[in-house]
Amino acid sequence: MSLFLLYGGGGIILFVVGLHRLITVSHLIRKLIAANIMAGGVFLLLVATAARDAEQAPDPVPHAMVLTGIVVAVGITAFATALIRLLHSETGSTTLDEADGDRPASP
Amino acid sequence: MSETARWRRVWGVVAGVACLVLGMALLREVVDLSDHRAGLTSTVAAAMEDSGVSHPPTAVLLNFRSYDTWLEVVVLLGAVLGVLSLADRRDFSLAAPRQDAPVLRRLVDLVLPLVLLGGVFLLAQGTGAPGGAFQAGAVVAAGLLLAHLGGSLRLGRIRGVMVVLVAGVAAFLTAGLATLTAGRPLLDFPTPGSHAVIVGIEIAIAVSTALTLTLLVLASAPADGPDEDLP
């Protein structure tokens with residue numbers, strides 16, 4: 001197995017696992033962490049794409065894309081954290097489900 | 001088990017199957033992709049002399065694809081504006097620093113100059129080696145947050161916050177308008193001056209990113225100290 005398959009496949013696995021948790025758990029912080037893990041998987045795949053050819057130097061364009069992506073992910077995570085914090089301080093709940101109210105989210 | 005829990009269990013299984021199928025399809029594409037050797041390494045290497053810097057990712061970020069970087073800085077600005085608009089305080093002051101951690105404070109006072117120097121160093125070597133504006137901004141922001149945690153950062157109302165926060169976007173705007181009025185395509189820097197323009201934009205981005213990241217963390221802290229209901 002080449003390095004690209006190892007890291008690219010790992011990136012895909014991270015992405016899919018994060019996606020599953022994003023759409024199934026109801027606790028908002030857990031959703032946010034799952035979204036960050038998805039982003040990490042995408043970055044790993046991009047970096048693996050940059051290093052596909054062992055003879056040449058790494059491809060700088062995916063590197064620049066990952067740098068941009070990391071910065072955007074940080075910004076979005078910070079804004080989402082502020083929103084979740086505001087929701088918690090206004091309503092006391094950490095989910096968006098009306099049926100559960102303040103019940104703890106699914107495991 | 002209750003109705004809601006049952007539906008949640010069903011949805012979990014359905015989502016699991018769907019994600020598994022998606023994962024298989026993506027993995028197959030990754031296996032296909034490993035046979036392709038084409039990349040943009042040689043294309044970028046051929047254009048490096050016109051870029052004004054010697055490090056390929058920096059050239060890609062700030063010259064060849066500088067429009068993407070411009071919009072990235074705009075996204076950061078949008079995030080900090082969103083966080084500031086949700087903040088408890090309306091005067092941009094930072095939360096009160098801790099007063100009861102003398103060892104931490106002494107340690108931070110020793111380490112902080114090194115951290116700030118490290119940030120400036122990353123910015124300075126960004127044109128020739130891994131480093132650059134965002135990395136420097138992140139390191140300086142980490143230093144400022146350390147100082148806040150240690151209790152030695154005592155900023156009341158910060159004057160000129162907005163000016164510093166928009167500095168990165170404004171630098172790109174200036175460079176873009178300059179290239180447009182010179183008759184060139186947007187952000188197409190002329191080869192002789194591209195190094196100076198890139199360094200100038202990097203400095204602006206580093207300063208604004210440092211303050212942006214600091215405010216992203218600190219502006220959303222509650223006005224009256226840590227939450228009482230945290231365990």
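1. Contacts within chain A. In this predicted model, take the contacts in chain A between residues at least 6 apart in sequence: 62% of them join residues at least 24 apart. Chain A has 3 helices and 0 strands, and its pattern along the sequence reads α-α-α. Of the 107 residues in chain A, 41% are buried.

2. Contacts within chain B. Chain B contains 9 helices and 0 strands. From the N terminus on, its elements run α-α-α-α-α-α-α-α-α. Among the contacts in chain B with a separation of 6 or more, 76% come from residues 24 or more positions apart. Buried residues make up 39% of the 231 residues in this chain.

3. Helix H1 of chain A. H1(A) has 22 residues, and the distance from its first C-alpha to its last is 32 Å, close to the 32 Å expected at 1.5 Å a residue. Several of its residues are buried, including Phe4(A), Gly8(A), Ile12(A), Val16(A) and Leu19(A). Gly9(A), Gly11(A), Gly18(A) and Thr24(A) are also on the list of buried residues in H1(A).

4. What covers H1(A)? The cover over its buried residues includes helix H2 (28-50) of chain A, together with helix H1 (3-33) of chain B. The cover therefore includes a helix of chain A and a helix of chain B, where contact means heavy atoms within 4.5 Å.

5. A residue in H2(A). Thr49(A) lies in helix H2 of chain A. Is Thr49(A) buried or exposed? Its relative accessibility is 16%, so Thr49(A) counts as buried; the cut-off for that term is under 20%. The side chain of Thr49(A) reaches the backbone oxygen of Leu45(A) at 2.7 Å.

6. Extent of the interface. How many residues of each chain take part? The contacts involve 40 residues of chain A and 44 residues of chain B. About 3600 Å² is buried between the two chains, and carbon and sulfur atoms give 73% of that area. Arg52(A), Pro60(A) and Arg85(A) supply 16% of the area that chain A buries against chain B, more than any other three residues.

7. Polar links across the interface. Between chain A and chain B, 5 residue pairs are in polar contact, with both residues at pLDDT 80 or more.

8. The side of chain A that touches chain B. The largest share, 17 residues, comes from H3(A). Sorted by type, the residues on this side of chain A are 22 nonpolar, 11 polar and 7 charged.

9. Salt bridges in the whole structure. How many are found over all chains? The search finds 2 salt bridges. One of them joins Arg65(B) and Asp68(B), with the closest N and O atoms 2.7 Å apart. Arg65(B) has a relative accessible area of 36% and is therefore partly exposed. Asp68(B), with 30%, is also partly exposed.

10. A second salt bridge. The side chains of Arg184(B) and Asp188(B) meet in a salt bridge, at 3.7 Å from N to O. A separation of 3.7 Å qualifies because the cut-off is within 4 Å. Arg184(B) is partly exposed, with a relative accessible area of 30%. Asp188(B) counts as partly exposed at 30% relative accessibility.

11. Most residues other than glycine have a negative phi. Leu187(B) has a positive phi of about 60 degrees although it is not a glycine. Where is Leu187(B)? It sits in the loop between helix H8 (167-181) and helix H9 (194-218) of chain B. Leu187(B) has a relative accessibility of 4%, so it counts as buried.

Note on methods. Residues are numbered from 1 along each chain as its sequence is written. Chains are lettered from A and ligands numbered from 1 in the order in which they are written. This is a predicted model: local features need pLDDT of at least 70, side-chain atom pairs count only at pLDDT 80 or more; totals for chains, interfaces and linings use all residues. Side-chain values use heavy atoms; hydrogens and water are left out. Buried area is the accessible area (1.4 Å probe) that two parts lose on being put together, summed over both. A polar contact is a pair of N or O atoms within 3.5 Å; within protein, one must be able to donate a hydrogen and the other to accept it, and residues adjacent in sequence count only if both atoms are side-chain atoms. Helices (H or I, at least four residues) and strands (E, at least two) are DSSP runs, numbered from the N terminus. Ala, Val, Leu, Ile, Met, Phe, Trp, Tyr, Cys and Pro count as nonpolar, Asp, Glu, Lys and Arg as charged, and the others, Gly among them, as polar. The expected span of a helix is 1.5 Å times one less than its number of residues. Buried means under 20% relative accessible area, exposed over 50%, partly exposed in between (1.4 Å probe, protein chains only).
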